[in-house]
Amino acid sequence: MLHVLTGEELNVKKRLERSAPHIQTLIPRRKLMERRQGSFKEVTRLLFPGYVFVYTVLDHESYYKLVDQYGVIRILGRPDPCPVPLQEMAHVLKWCEESELVGMSRVQDGEKVTVIDGPLKNMEGQIVRVDRRKGRARVRITLFGEPKEIDFGIDILDKAPE
């Protein structure tokens with residue numbers, strides 16, 4: 001993982017792609033709705049400002065290619081650079097399965113969803129309300145013949161197959 005100057009993350013990535021194509025980079029970003037001057041606009045923000053994930057075999061040549069880039073402050077890890085633990089990196093890679101851009105949310109109000117984890121796994125219901133700030137959704141599910149509204153984390157909900 002590289003520590004870079006804030007605002008230079010994408011430029012460092014472009015320079016590395018040009019000068020060292022064997023070094024793979026990842027900069028997770030997310031889409032957000034921001035309110036500016038009374039109107040909402042969709043913007044893209046970095047999940048980890050000031051950092052660039054790098055995947056490479058770290059020999060002398062690639063080490064100096066990384067360190068000599070403008071905007072790179074240092075490679076994380078002391079005294080020797082060390083990889084991000086696989087358990088921690090698995091979460092980041094899960095978010096970025098399809099692209100570096102993490103969507104705002106996979107679910108919206110009124111959609112039919114399926115629970116993909118937990119004790120109610122494979123249950124289907126309809127979203128009543130989504131609280132994006134808290135990352136939760138209230139879902140109406142039929143349990144024991146009665147409709148119940150239950151709060152779930154957005155990460156364990158997926159769109160129901162049509």
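Start by selecting helix H1, residues 9–19: it lies across S1, S2, strand S5 (51–55) and S6, and runs at about 125° to S1. Helices here are DSSP runs of H or I with at least four residues, strands are E runs of at least two, and both are numbered from the N terminus. Angles run from 0 to 180 degrees between N-to-C directions, with axes fitted to C-alpha atoms (for helices, over the stretch in contact); contact means heavy atoms within 4.5 Å.

A word on what you're looking at: this is a predicted model, where local features need pLDDT of at least 70 and side-chain atom pairs count only at pLDDT 80 or more, while totals for chains, interfaces and linings use all residues. Residues are numbered from 1 along each chain as its sequence is written, and side-chain values use heavy atoms, with hydrogens and water left out.

Next, color the strands. You get an open sheet of four, in the order S2-S5-S1-S6, with antiparallel pairing (two strands pair if DSSP finds at least two bridges between them). S2 (24–26) and S6 (72–75) each have a single partner strand, so one side of each has no neighbour in the sheet. On average, neighbouring strands are turned by 30° against each other, direction ignored.

Zoom in on S1 (residues 2–4), which three bridges join to S6; valine 4 has valine 72 as its bridge partner there.

Now pick H2, residues 60–67, lying across S1, S5 and S6 at about 145° to S6.

Last stop: glutamine 69, in the loop between H2 and S6. Its relative accessibility is 12%, so glutamine 69 counts as buried (under 20%; exposed is over 50%, partly exposed in between; 1.4 Å probe, protein chains only). Show its contacts beyond four places in sequence: Arg15, Leu16 and Ser19.
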